[in-house]
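Try each task before you read its solution.

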Amino acid sequence: MGMIFLPHFTSSIVARSLVSWAFVRALVTVGSSALEGALRLAPPDHPLRIAPVAVLAVLAIVAVLGRVSARRRNEDLFLLSLGYGRARLFATMLVPITLAELAIGIAVRL
Amino acid sequence: MSAVLRADSVGKTFDGRAVLASAYFEARAGAVTALVGRNGTGKSTLMKIAAGWIRPDHGFVELGGRRLTGRPAELARRGVFHLPVDRTILSRDFTLAQHLDAVEARFGGGDRAAVLERLGVAHLATQRCGSLSGGEHRRAELSVAMVRRPKCLLADEPFRGLPPRDADTVSAALRGMAAAGCAVVVSGHEMGWVLNVADEVVWLRDGTTHALGARDDAVRDWRFQREYLGKPR
């Protein structure tokens, strides 16, 4: 199940997805570090590192936000009219941020 | 004329209320089928089921002999285009031209300039769809459908809220699509326009469909006259 590649629409969906991800990721990163401080746990070796379950939570939140945004803008129906179902819409939203998470994962290991 | 899209034995219940019990209709290539009936009889539900947007409790939908019940993306990919009445398919943040760019990128170029001219929306192509009026929006949606060149168009209440001149334009566009081989299905209560554009009429009543035949036969049906059109017997 691949991404959607359409003029205007793909770039808009991906851009919104990346903005949502940056915001949610920052909140989760700060929240994780505050929680670790409160619980007196050992801090992570890199400030951007968060638990795998937190990464999954970030992806899920971004997917929900993206879905709501697409519905509010009627993009979901237009894309459906072109034969792109929900799975393709989610792939378009999540593939770029999954790659961004992988890039962070690699960067914090270096 | 062969059936392009067929919905058979379709039933759907919402919150314990059976909107459709056993409905059947076909959309034939080159013909306009009018789906008429009182409010709440399930016209929009039947169209959404035919487009795959709603899964029926029972029954099935076939496109070109292939069962695709409840599979909207595949139905759309294979040529079914639905214009719903309760939502718009145009995104408010994009212009009509941008929508058409996307349609052409996906399905190849249609005769965009001629379509926009025919529907009187050429001057609106660079405006954001969120700024279009109701009538402009309806014609803009139809232009997207025409550039898509679907095998089957399901237009739910395409004449609703349109002034006579725009309704004429929409009516001519629907007839043009049918003449080009598209199976067109329309619904609505604007009987002058709906019956004028229709080749055949299907009446939805008590959860089921009644094929009334050609337009002239339909308007002569005493029961249809009495219970829907409201004319004295």
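**Exercise 1. Where the chains touch**

Task: Find how many residues of chain B are in contact with chain A, and which elements of chain B supply them.

Solution: Remember as you start that this is a predicted model. Step one is the count: 21 residues of chain B are in contact with 15 residues of chain A. Step two is to look for the elements on that side of chain B: helix H2 (72-77), strand E6 (80-83) and helix H3 (96-107) each supply at least two residues. Step three is to find the main contributor, and H3(B) gives the most, with seven residues. Last, sort the residues on this side of chain B by class: ten are nonpolar, five polar and six charged.

**Exercise 2. The make-up of chain A**

Task: Describe the secondary structure of chain A and its extent.

Solution: Begin by counting elements: chain A has four helices and zero strands. Reading along the sequence then gives the pattern α-α-α-α. For the extent, the C-alpha trace spans about 50 × 30 × 20 Å along its principal axes. Next comes burial: of the 110 residues in chain A, 25% are buried. Finally, take the contacts in chain A between residues at least 6 apart in sequence; 81% of these join residues at least 24 apart.

**Exercise 3. A hairpin in chain B**

Task: Trace how strand E4 of chain B is paired with E1(B) and E5(B).

Solution: Start with strand E1 (residues 3-14) and strand E4 (residues 58-63) of chain B, which run antiparallel and are joined by five bridges. In this pairing, B:Gly11 stands opposite B:His58. Then move to strand E5 (residues 66-67) of chain B: two bridges join it to E4(B), again antiparallel. B:Leu63 has B:Arg66 as its bridge partner there. Finish at the turn: E4(B) and E5(B) form a hairpin with two residues between them, and B:Gly64 in the turn has a positive phi of about 55°.

Note on methods: Residues numbered from 1 in each chain as written. Chains lettered and ligands numbered in written order. Predicted model: local features only at pLDDT ≥ 70, side-chain atom pairs only at ≥ 80, totals over all residues. Pairing = 2+ DSSP bridges. Buried ≥ 20, exposed ≤ 12 C-beta atoms within 10 Å, placed from the backbone. Contact = placed C-beta atoms within 7 Å. Nonpolar A, V, L, I, M, F, W, Y, C, P; charged D, E, K, R; others polar.
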